[in-house]
Amino acid sequence: MKDAFGAPQSLLVLGGTSEIALATARRLIALRTRTVRLAGRPSPALDAAAADLRARGADVRTVGFDALDAASHEAVLGAVFAEDDIDMVLLAFGIAGDQGRDEEEPLAAVRVAQTNYTGAVSAGLVCAGALQAQGHGSLVVLSSVAGERARRADFIYGSSKAGLDAFTQGLGDALHGTGVHVMVVRPGVVRSATAQATATGTASGTVPVAPPAVPRGGAVRGATALLAPERIVAARSASARFASAPLEASPLTTTPEAVAEAIVTGLRRRSETVWVPGSLRAVMSALRHVPRPLFRRLPI
């Protein structure tokens, strides 16, 4: 159960190497969270994350979890909930993909969609059902401002986050009144220590996923005939510009630690939507209403 300050005593992280998730876990441990389960693909990085949190005084265990293996989610996550109640689930996995490559290779684009959306739908529903069965808890989902409006530079990633965001909002409505709190978090560009910042909000919250083996000719080339080579180059150029140095200095960028602080504050207030930084709410409200011919010309 949550303590008097609204901090959960037990935490399940889906995407256990996410910088945002780990920053959140560290902050929660400082506020008396005592049990942490880090779910992700087994790796030295996952083990190192668990060791770091363990050194901070928490009971930490790793759980083998693959976002793309939806058939295993009920058994894997059900086993975690069977051990004891979970006060908070943080769904923090996702991949940014490569817009230019993904336009050339549809199977790579599908990988982005399956990880960020269908994998999250499966895991989210399993966790929501378990939280509802125990009668309490919070489900916090890392979305992104990229899902607010499709941009030329990352519309494949953005569309997957748009779907996730809509799913999370609907799930929150479905669970209203059950004792389960659902919160969607929309970060802007996240300055990450291990990943180049992109306009994704979850670049530092990704689950490593090996790129699929995609043939570079034949049927795949035919399927993408509408995407001329010069347009692919333009997509890559746009993505590079958006991830360039000027954005690093932008007041709309953020850090894993700032997102973690916003998550903890949102939990205490039982917020349903959290923007990081908060000024993004007004910015995206304006961008949503920009006419498409003008929007296409914006340097974003």
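In strand β6, the residues V180, V182, V184 and R186 point one way, H181, M183, V185 and P187 point the other way, and all are buried. Buried here means under 20% relative accessible area, exposed means over 50%, and partly exposed lies in between, with a 1.4 Å probe and protein chains only. Strands (E, at least two residues) and helices (H or I, at least four residues) are DSSP runs, numbered from the N terminus. The model is predicted: local features need pLDDT of at least 70, side-chain atom pairs count only at pLDDT 80 or more, and totals for chains, interfaces and linings use all residues. Residues are numbered from 1 along each chain as its sequence is written, and side-chain values use heavy atoms, with hydrogens and water left out.

**The sheet**

β6 covers residues 180–187, and eight of the eight are buried, so the strand is largely enclosed by the rest of the structure. In a regular strand the side chains alternate between the two faces of the sheet. Strand β5 (residues 137–142) pairs with β6 in the parallel sense over six bridges; two strands pair if DSSP finds at least two bridges between them. S138 stands opposite H181 in β6, V141 stands opposite V184, and L142 has V185 as its bridge partner.

β5 is likewise buried in six of its six residues, so it is largely enclosed by the rest of the structure. Both of its faces are covered, with G137, L139 and V141 on one side and S138, V140 and L142 on the other. β4 and β5 pair in the parallel sense over four bridges, and M88 is the residue opposite S138 in β5. Four bridges also join β6 to strand β9 (residues 273–276), and these two strands run parallel. There, R186 has W275 in β9 as its bridge partner.

These pairings belong to an open sheet of seven strands in the order β3-β2-β1-β4-β5-β6-β9, with parallel pairing. The edge strands are β3 (59–64) and β9, each of which pairs on one side only. Neighbouring strands of this sheet are turned by 15 degrees against each other on average, direction ignored. Helix α1 (residues 19–30) packs on the sheet and touches β1 (10–14), β2 (35–40), β4 (88–91) and β5. The direction of α1 makes about 155 degrees with that of β4. Axes are lines fitted to C-alpha atoms, for helices over the stretch in contact, and angles run from 0 to 180 degrees between N-to-C directions.

**Helix packing**

| Helix pair | Axis distance | Angle | Crossing |
|---|---|---|---|
| α3 (residues 70–83) and α5 (residues 106–134) | within 9 Å | roughly 30 degrees | right-handed |
| α1 and α10 (residues 256–269) | 8 Å | about 55 degrees | right-handed |

A crossing is left-handed if the near helix is turned anticlockwise from the far one by less than a right angle, and right-handed if clockwise. α3 and α5 are therefore roughly parallel to each other, whereas α1 and α10 are oblique. In these terms, angles under 35 degrees count as roughly parallel, over 145 as roughly antiparallel, 65 to 115 as roughly perpendicular and the rest as oblique.

Contact means heavy atoms within 4.5 Å. In the other pair, residues of α1 including E19, I20, A23 and R26 meet residues of α10, among them P256, V259, I263 and L267.

**Two single residues**

T254 is found in strand β8 (residues 253–254). At 4% relative accessibility, T254 counts as buried. Leaving aside neighbours within four places in sequence, T254 is in contact with P187, G188, V189, V190, R191, V259, V276 and P277.

D52 has its place in helix α2 (residues 44–55). With a relative accessible area of 29%, D52 is partly exposed. The C-alpha atoms of D52 and R26 are separated by 9.0 Å, although the two residues lie 26 residues apart along the chain. R26 is one of the α1 residues that meet α10.
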